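Thanks for coming. Please look at the sequence and the model on the screen while I talk.

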Amino acid sequence: MAAPVGRCLWRALAPRRGLDQRLAAALAVVSAAPPARPYAAAAKTAKKGSRKTKQEETKKKQVTRRWPLMSKPVDDVYLTWYYERPSYDVEEAVGMLKKFQELDFTYPKQYVYINVFLDMALQKKKKVDPFASSVLLPYRFTDEVNKVLVFTENEQEAEIARENGAAVVGGVELIKWILEDEIQVDFYVAVPAIMPKLIPLRSKLRRKYPSTKRNSLGHDIPKMLQLFREGLEYMVQDERVIKTRIARLDMPTEQIVANLKAVINDICTFKPLTYGPFVQKLVIRSSTSEGLLLNLDGLLPQVEKVEDEEKNAEDGEKHAEDEEKHVQEPVST
């Protein structure tokens, strides 16, 4: 029934001779419109305060209570997270590393490493900038020698540099080759007279650019060459950690300890002693062993104690002088 009615309606609305063609086009558009959706789902309105930030959620989470750690375990087998991490004297720790190597049948000439955790804070919100340095160890543990370039325009200085093992020696003519990566070495040292001409290399060399702070700028060419050819380079990683090797495990314990102290003493020069100890934690390990926490007593520089003793002595002398003056003054009646 619906089909004949629709055809009749269309015939009635169809354009004829007296009907405007534009009206017919408008009626065709209206008939082609999509049907309405009476059952469409209504959008849900969000309630106020239903969305909470992650910070508010984390604040409401209950903090797990941790009991104070015990000092020493009684049994041989125990849960490590219930006890404080044991610390050892450096000689004892090195002996343990040697024992681990014997028990595990590992390579006897493996490297010994240290992880140094630093306190980089200064006054207020200031911090020590991450740094890199080279230190000459008292006992060498490798035959590797770094390549060092010496900048100088003095022929006598150039000859001294060649005699002391410089890989490359020259003046401003080397700048172009360095910028084009034709010359690549491990370290760069220079004499002060040529520094104004080396400014184009500042952005290229960055931390390897010669400077007095890194002991790579000066007049003592043999000393600089020995430091950078044979020295140990280390740098701060992750803003407060230094990881470096210091010896081989088959070296005598005394030599390993001496190398460790040399590195620690050099590290402590980058922060004034007035701000307290620079080294917060020190861990030693070998290539195949676990890390052993070290006692810091006797490893950090003793300058602080000396300064305190001198300060106390000065205060004592000043106090004694004040007492003498007080005794000598006449008592007024």
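Predicted model: local features only at pLDDT ≥ 70, side-chain atom pairs only at ≥ 80, totals over all residues.

Residues are numbered from 1 along each chain as its sequence is written, and side-chain values use heavy atoms, with hydrogens and water left out.

How many salt bridges does a search of the whole structure find? The search finds eight, a salt bridge being a side-chain nitrogen of Lys or Arg within 4 Å of a carboxyl oxygen of Asp or Glu.

Take Glu144 and Arg245, whose closest N and O atoms are 3.3 Å apart. Glu144 is in the loop between strand 3 (132-135) and strand 4 (148-151), and Arg245 is in strand 8 (residues 241-248), so this pair ties together parts 101 residues apart in sequence. Strands here are DSSP runs of E with at least two residues, and helices are runs of H or I with at least four, numbered from the N terminus. Arg245 has 22% relative accessibility and counts as partly exposed. On that scale, buried is under 20% relative accessible area, exposed is over 50%, and partly exposed is in between, with a 1.4 Å probe and protein chains only.

Next, Glu153 and Lys197 form a salt bridge at 3.0 Å, N to O. Glu153 lies in the loop between strand 4 and helix 5 (155-163), and Lys197 in the loop between strand 6 (187-190) and helix 7 (202-205), so the pair links parts 44 residues apart in sequence. Glu153 is partly exposed at 48%, and Lys197 is partly exposed at 41%.

Finally, Arg162 meets Glu155 at 3.8 Å, N to O. Shared partners join Glu155, Glu159 and Arg162 into one salt-bridge network.
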